[in-house]
Amino acid sequence: MGKKRKGERSPSPMPVPDRPSQCHFFLKKKNRYCSLPAARERKYCGEHSVYEEGCVGRIPCPLDPKHTVDKLELERHLAVCNSRPKPRKPYFSENINVGRLPLVEGPREKSGKTARERLLELPPPAFQKLAEKIRQKIDKYVSKDIETVVLTHPVLRERLETTRDGKHALQQASLLGHLESAGLLQRGNAYVELGAGAGDVSHFVYKAVGDPCKLVLVDRRNYRRKMEVPLKNTSDAQTSILRVSMDIKDLDLTKMSEISGCQVVGISKHLCGVATDLGLRCLAPLINAQQRNLEQADDITPGTLRGILIALCCHQICKFGTYVGCSVPEIASEDGSRVFDLDADEFAMLCVLSTWAVCGPAVPPRNSTTEISEEKSDNEEGDDDEDHVNVGDDSGPDGEHWSGMTEDERQTFGRQCKRLLDAGRVLYLQMLGIKARLVHYVLPETSLENCALLAVID
């Protein structure tokens, strides 16, 4: 339909609806009346009841400002609102996986500036000193022979065909291939998908494993079109599927009766930045949990960790206080104030520098005051290399970047910064007695965020 020409008269409003249950608010852009039902003996629906005679007015709901409520009915609404606090589950334990809070006031709180802004304000000699310190740690801790192993799995064949080898299908197929290669696709296992989103990975894990198995999908957001819903109608009675709407930082898997006594496999595609560290801390208590006879008030026998596979991404939103590397004596100072010989301010700059791996040429000038968020919005699933923060590309007249590096050098350095952060995670798991390694599970042409953390407990 073509656009309405300037000066063209709008069509006449439709006759007032004669149905007593239809809202009488006319939508001009759609040239029709609102299709929502009106309350009994009223002309307008809830959202348009502000037009009712005698209406005092509507205010944002205190529990969820995304919708409004009539002032006169606020008390009644709060008792039935879908966003009202739910009863806490037995496995809720506030901040149990946070690790530790920063020992001192963070650099951002002191200066009021982001890590990106502080990095761009560094004098060239100070930046070169920081870059050299990071390179020394990269040379010491980052493996130079991370394998590229791209696998696939038969259950993704149809999806690969319908999407014409789409990026997400290739990633999911390779992740399932790695789970199978590591011997982690076994009936009877419990699969805990962290940052599950709509639950795509769990859906294909179930198709690969079959009945019986247990699926636990964890995400702090509530998603529509959940992939596990059809499975509940077709799965075996011994197969359980649990959706947990909770932040990973508050999840205590040792108190989850649904996975009691099971072999547990932690999976994720992708788990953004700080969430990876929260996830590793969430899974760690399950290592030899049954042998250690954890004291449970409700006598739950906790599950035992069998393996972990996490596709890594969004290192720019890692946080110093929650980074698992801060718990590893080999790379952390005794007082917890430094990791990789970097203090909290330098660590934040390391995270920002990691964006050079995925951003390509940047556009904001070095001294730009344009505000760029360092964190992904809550509305993102965090699944690949888009929407990362860049740190500026203020090239001079001769084309030289402010860092003194070429574009290729910056991308290489950014990838090395990512792998340094991931090396700390590998060392954390190794400290706990787990065999862990990094693997490039898809090609860079598929996704620049192509590294996964694989750990298996024999």
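Figure 1. E193 stands opposite I267 in β8. On the other strand named here, I267 has L309 of β9 as its bridge partner. In this predicted model, β5 (residues 190–194) pairs with β8 in the parallel sense, over 4 bridges. Strands β8 (residues 263–272) and β9 (residues 304–313) also run parallel, and 8 bridges join them. Strand β8 is mostly covered, with 9 of its 10 residues buried.

**Figure 2. The open sheet that contains β5, β8 and β9.** The sheet has 7 strands, in the order β7-β6-β5-β8-β9-β11-β10, and its pairing is mixed. Its edges are formed by β7 (240–245) and β10 (435–440), each of which pairs on one side only. Direction ignored, neighbouring strands of the sheet are turned by 15° against each other on average.

**Figure 3. Helix α6 and the elements that cover it.** Helix α6 (167–181) has 15 residues and reaches 21 Å from its first C-alpha to its last. This span is close to the 21 Å expected at 1.5 Å a residue. The buried residues of the helix are A169, Q171, Q172, A173, S174, L175, L176, G177, H178 and L179. Among the elements covering these buried residues are the helices α5 and α7 and the strands β8, β9 and β10. Just after α6, G183 takes a positive phi of about 75°.

Figure 4. D165 lies between α5 (157–162) and α6 (167–181), in the loop. Its phi is positive, about 55°, although D165 is not a glycine. Most residues other than glycine have a negative phi. Is D165 buried, exposed or partly exposed? The relative accessibility of D165 is 47%, so the residue counts as partly exposed.

**Figure 5. The cis peptide bond between D211 and P212.** D211 and P212 are joined by a cis peptide bond, with omega at about -10°. Most peptide bonds are trans. P212 is located in the loop between α7 (200–209) and β6 (214–219).

**Figure 6. Helices α4 and α10 at their crossing.** Two packed helices are described by the angle between their axes and the distance between the axes. For helix α4 (residues 124–141) and helix α10 (residues 344–353), the angle is about 80° and the axes are 11 Å apart. Because of this angle, α4 is roughly perpendicular to α10. Which residues meet where the helices pack? From α4 these are F127, L130, K133 and I134, and from α10 they are E346, M349, L350 and L353.

**Figure 7. N95 and N97 in the loop between α1 and α2.** N95 is found in the loop between α1 (74–80) and α2 (107–111). N97 has its place in the loop between α1 and α2 as well. N95 is not a glycine, yet its phi is positive, near 60°. With a relative accessible area of 37%, N95 is partly exposed. N97 is buried, with a relative accessible area of 3%. Leaving aside neighbours within four places in sequence, the contacts of N97 are I248, K249, D250, L251, L278, R281 and C282.

**Figure 8. R84 in the loop between α1 and α2.** This view shows R84, whose place is in the loop between α1 and α2. R84 has a relative accessible area of 34%, so it is partly exposed. Not counting residues up to four places away in sequence, R84 touches L63, L78 and A79. P62 is 22 residues from R84 along the chain, and the C-alpha atoms of the two are separated by 9.5 Å.

**Figure 9. The whole protein, for orientation.** The secondary structure comes to 12 helices and 11 strands. Of the 458 residues in the protein, 49% are buried. Among contacts with a separation of 6 or more, 67% are between residues 24 or more positions apart. The accessible surface of the protein is about 24,300 Å², and 49% of this surface belongs to carbon and sulfur atoms.

Key: Residues numbered from 1 in each chain as written. Predicted model: local features only at pLDDT ≥ 70, side-chain atom pairs only at ≥ 80, totals over all residues. Heavy atoms only, no water. Helix = DSSP H or I, 4+ residues; strand = E, 2+ residues; numbered from the N terminus. Buried < 20%, exposed > 50% of the residue type's maximum accessible area, 1.4 Å probe, protein only. Contact = heavy atoms within 4.5 Å. Areas by Shrake-Rupley, 256 points an atom, 1.4 Å probe, with all protein chains shown as cover. Pairing = 2+ DSSP bridges. Axes fitted to C-alpha atoms, helices over the stretch in contact; angles between N-to-C directions. Expected span 1.5 Å × (residues − 1). Parallel < 35°, antiparallel > 145°, perpendicular 65-115°, else oblique.
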